[in-house]
Structures are given as structure tokens and as C-alpha cells.
Amino acid sequence: GDHRDLHLCDRRQRQMCIRDRYQRRVRDQIRNTPSLCFIYFYSSINTQMASTTPLRIAVLVGSVRRNAFAPKVAAVVVAALKAKGVDVSVVDPNEDKHAWLATVKLPFHHAKGDEVTADMQATQAVLAGQDAVVVVAGEYNHAPSPAALAILDNFHRETWGGKVAGIVAFGGQSAGGARAAITLRTTLAEVGCLVVPSTFGLSAPWSAISEGKFVDEAKAGYLDKHLDEVISIASAIKAAPKSAE
């Protein structure tokens with residue numbers, strides 16, 4: 001009996017040793033793989049880390065329809081981020097200088113020489129300098145609003161690569177933008193963003209927001225949780241030691 005117990009103990013130790021070696025290999029792989037590194041950091045750090053510079057997050061306003069609700073939803077997101085000490089940049093194709101963002105005639109990564117306009121260059125520089133982005137998009141016909149996709153498609157991994165991304169989607173009563181969020185998650189991943197696990201969905205924004213705030217305070221709490229996740233992961237990646245070139 002004692003001999004068998006000793007044998008079982010040795011086997012358990014070997015199994016633990018194998019498991020530990022495997023876990024170390026997985027952690028090393030995650031640390032060295034940009035598309036997975038946020039998982040490691042988020043699993044070990046879920047609060048905003050101190051930094052010498054504020055976190056920079058761009059809010060993308062994904063609609064140019066007349067009387068669209070995207071600007072109103074985006075304003076709530078911007079206010080929530082600023083309350084958390086984030087340096088926020090708003091990219092809104094409703095502004096005349098950004099009107100080109102609502103279509104995809106000549107993406108930045110296809111433009112050459114004089115084709116790169118001053119605003120295209122300036123907008124790309126702003127976006128490239130962000131730590132994270134939050135896409136605010138309505139759901140049209142079970143898909144994200146065309147303007148939201150156009151903003152993303154006007155650039156590629158030279159701009160979006162390695163950035164943490166959050167999704168704030170809204171729509172009618174039935175799904176609250178959930179179907180748009182599914183497509184956005186795939187698109188953001190394809191252009192190189194690290195999409196956080198959660199999303200924020202809002203049903204019937206026309207009755208959910210009044211005077212720049214949510215009518216239901218619980219909605220503000222859900223948005224805070226989503227934005228905290230974006231901030232937490234982006235902060236951890238920003239604070240991580242940079243590998244030697």
C-alpha cells in the first residue's frame with residue numbers, strides 16, 4: 001500500500017511538473033504574440049495602471065445619417081471616458097473636414113504621393129497615436145452602419161494594428177445592436193485590433209438618452225464596465241516592458 005501511494009505521489013508530481021512546463025510555455029507564447037498578449041495582461045492586471053501620460057482613446061462616430069443617434073451615444077461615451085481621466089479624441093465623419101471618412105474611395109494605405117491629403121495625413125497620425133479605440137455604431141439591416149465600417153476600411157494595420165478596441169452598438173428593441181457588434185468584432189480583428197471580450201449594446205437609444213445622460217442609471221453602469229475593460233487592457237499593454245528591437 002505504501003509503495004503504491006508513493007508511486008501515485010510520484011505520478012502526480014510528474015503531472016504537475018508537465019502542467020507547469022506547459023503553462024510556462026503558454027505564458028511565454030502569449031507574451032511574445034501581439035494578438036494574444038492582452039489576454040495575459042488582462043488575466044493578471046484588471047485595474048488601470050499608473051502611467052506618466054494619460055491613456056489616449058479615440059471614439060469613432062459611425063453614422064452620417066440625418067438626425068442619427070450615433071453622435072448622441074458617442075457624447076455619452078466621451079463624457080464617461082473623460083470622467084475616468086482618459087485623453088479622448090473624437091473622429092466624426094459628420095464634420096466637413098472628415099466627410100471623406102464616410103466612404104471608401106481612396107483608403108490611406110492605397111494613396112500615394114499627392115493623393116494623401118492634409119486631413120488624411122493628420123487623421124491617420126491622430127489615430128495611429130491612440131492606445132485604444134471605441135467604435136460607436138448603429139445597426140442597419142442586421143449590419144453595422146456603413147460609415148462605421150468605412151472609417152475602419154479607410155486605414156489598415158499601419159493605423160489600427162495592436163490597438164485595444166471596444167464596441168458600443170445600438171439598435172432597435174429586439175437586439176440592441178448585437179448583430180452589428182458581431183460584424184464589428186470580426187472587422188476590428190482583421191485590421192489588427194485587440195477586441196476586448198465584452199461589448200455594450202443599447203436598445204432604442206431615442207428613449208434611452210436624455211440631455212446627454214442615460215435615463216436608466218443601470219445602463220451607465222454597464223457602459224462603465226465595458227469602458228473599464230478597454231482601459232484596463234490598454235493600460236496594461238501600455239505599461240508592459242517593450243521588447244528590444
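The legends below describe close-up views of one predicted model.

Residue numbers start from 1 along each chain as its sequence is written. Because the model is predicted, local features need pLDDT of at least 70 and side-chain atom pairs count only at pLDDT 80 or more, while totals for chains, interfaces and linings use all residues; side-chain values use heavy atoms, with hydrogens and water left out.

View 1. Strand β1 covers residues 56-61; helices (H or I, at least four residues) and strands (E, at least two) are DSSP runs, numbered from the N terminus. Of its 6 residues, 5 are buried, so β1 is largely enclosed by the rest of the structure (buried: under 20% relative accessible area; exposed: over 50%; partly exposed in between; 1.4 Å probe, protein chains only). Strand β2 (residues 87-91) pairs with β1 in the parallel sense over 5 bridges, where pairing requires that DSSP finds at least two bridges between the strands. Aspartate 87 in β2 stands opposite arginine 56. Strand β3 (residues 132-140) also runs parallel to β1, joined by 5 bridges, and valine 134 in β3 is the bridge partner of valine 59.

**View 2. The crossover from β1 to β2.** Helix α3 (residues 70-83) forms a right-handed β-α-β unit with β1 and β2. Right-handed means that, with the strands pointing away from the viewer, the path from the first strand over the helix to the second runs clockwise.

**View 3. The largest nonpolar core.** This core has 34 residues, and Ile57, Val77, Leu81 and Leu223 have the most contacts inside it. A nonpolar core is a set of buried Ala, Val, Leu, Ile, Met, Phe, Trp, Tyr and Cys residues joined through side-chain atoms within 4.5 Å. Helix α3 supplies the largest share, 8 residues. Apart from this core lies another, of 25 residues, including Ala58, Leu60, Leu127 and Trp160.

**View 4. An aromatic pair.** Tryptophan 100 and phenylalanine 155 have ring centres 6.0 Å apart and planes at 70°, so the pair is edge-to-face. Rings of Phe, Tyr and Trp (its six-membered ring) pair if their centres lie within 6.5 Å; planes under 30 degrees apart count as stacked, over 60 as edge-to-face and the rest as tilted. Phenylalanine 155 counts as buried at 1% relative accessibility. Trp100, Phe108, Phe155 and Trp160 form one aromatic cluster.

**View 5. A charge over a ring.** The charged end of arginine 65 sits over the ring of tyrosine 140, 3.7 Å from its centre. The criterion is NZ of Lys or CZ of Arg within 6 Å of the ring centre and within 35 degrees of the ring normal.
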